[in-house]
Amino acid sequence: MQEPQSVQKVILEIVAELSTSRPQQIKDTDRLREDLGLDSVSSMEMLSMLAERLDLDVSLEEAMQVNTVGEVIALSERRLGKA
Amino acid sequence: MSVVILGAAGFLGVNLVERLLADGAAPRCVRRRRTNVLHLRALGAQMVEAELHDAEALARALDRAELVYHLAGHYPRFSNDPAATLATGLTELEVVLGAAAKAKVGRMIFVSSTATVAGHPFRPSTELDVYLQAPGLGVYHDLKWSLEARALAEDRFPVTVVCPGACLGPWDLRNGTSSVLLQFARREAPEYPEGNVSWVDVRDVALGLSRLGEITPPERRLVLVAKSEAMSHLGARVAERYGVEPRPPLEAEVARQRADLEEARARAGGPRPNMARELVDLIVHGPRIDAEWSRAQLGLGYRSFDDTLEAYEGWARRMNLIARPLVVAQERWG
């Protein structure tokens, strides 16, 4: 199981890969669409890549509810039993 | 039978995977590295990673497949560079066909589009109506014609081409052909031009593809369309369902200009267009289509528009694409 720090690191790496932001520029409060420029399709791709990297069980319904980086982290940690 | 699907994570792909799994098949789903496979994971689908330009990875993914569904024909996001779009599409297809030959696949079903169905001056178009050259009706039309022509010219293994109409139904996450439905459901009166729309429920297309995998039809080209209707008529039916006053259809040239403007905004980082250029071209130039021959070949009974909308709306609500509660008209239409 991944440590919280590494979970956050993986998330920031994936977000950075799909957006124009660098990991160190990304904040928990950043909105995926408005602040990071990820449209709905890219947001889904991001959550899908995350689910594969961390072996998370995330449904599309849950993924569609996520709006910020912090919510991505919270969802991941819930699935990993960290929260 | 060993079955491989290229483009399994897309709108039609997910529906086909669901269909084949329900039929007891275990398709191998080829997916790009960067794509949304959340639902395929939830279905427990077997996945293999390969990009469409990677001949070696594709050959491994297709190895000795008895049946390959190719649903991953290039779909251009933008229409401003026809030459590059055609080059990308044809190059990717050439790589796929080469990999399939190397992998000694038994047969391929290539999914094209009704954009390749030519209009007929005196009767509804059928499977027999084909443009003799790229129709010049827009980038999407020319791309689909070119891809289909190349697929039908393949002689290393049998290829059957399937041309589905405008697919409607669950799992249209990119909000493509469903964009008009979604806008109505959100109580926004969408803009669209006048013309013919040949629509079909995506689940019926998936069923048709599944059945086509079990037979070899006498013709190499099938068209899957439930019904051809005037866009204004279809729009009025959806508007009534959601209690929205429909706008009068746009003149074709105005619709093209609006679509191009929305596309330019999207290229500059704006939202995806509500009115995509290819949809405008498909509606404006859409022929009336009679797909009875293919329907009979595959033993299909197409769902009604009402059933299709019910399924789409239920799915879109689950996905939070329709956020506000709706008051749906009590009277239903068939």
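**Note on the predicted model: cavity, crossover and chain contact**

1. Helix α4 (residues 82-102) of chain B is the top contributor to the lining of the largest cavity, giving four residues. Bear in mind that this is a predicted model.

2. The structure holds one cavity of 30 Å³ or more. The space in the largest cavity comes to about 40 Å³. In general, empty space between atoms is found by rolling over them a probe the size of a water molecule.

3. Which residues line the largest cavity? They are Leu52(B), His70(B), Ala72(B), Gly73(B), His74(B), Gly89(B), Glu92(B), Leu93(B), Val96(B) and Leu147(B). By type, the lining splits into five nonpolar residues, four polar and one charged.

4. Elsewhere, look at two strands of chain B. Strand β2 (residues 28-31) and strand β3 (residues 46-49) of chain B are paired in the parallel sense, with four bridges. The chain gets from β2(B) to β3(B) by way of helix α2 (residues 38-43) of chain B. This β-α-β crossover is right-handed.

5. Next, the contact between the chains. Chain B supplies 18 residues and chain A supplies 20 residues. Together the two chains bury about 1800 Å², and 52% of that is on carbon and sulfur atoms. On the chain B side, Arg34(B), Leu38(B) and Arg41(B) lose the most area to chain A. Together these three account for 37% of what that side buries. Accessible area lost when parts come together is often quoted as the size of an interface.

Terms used. Residues are numbered from 1 along each chain as its sequence is written. Chains are lettered from A and ligands numbered from 1 in the order in which they are written. This is a predicted model: local features need pLDDT of at least 70, side-chain atom pairs count only at pLDDT 80 or more; totals for chains, interfaces and linings use all residues. Side-chain values use heavy atoms; hydrogens and water are left out. Two strands pair if DSSP finds at least two bridges between them. A crossover is right-handed if, with the strands pointing away from the viewer, the path from the first strand over the helix to the second runs clockwise. On a 1 Å grid over the protein atoms alone, a cavity is a set of points where a 1.4 Å probe fits but cannot get out, and a pocket is an open set with protein on both sides within 12 Å along at least five of seven lines; lining residues have an atom within 4 Å of a point. Grid points are joined across faces, edges and corners, and a volume is the space filled by probe spheres set on the points. Ala, Val, Leu, Ile, Met, Phe, Trp, Tyr, Cys and Pro count as nonpolar, Asp, Glu, Lys and Arg as charged, and the others, Gly among them, as polar. Contact means heavy atoms within 4.5 Å. Buried area is the accessible area (1.4 Å probe) that two parts lose on being put together, summed over both.
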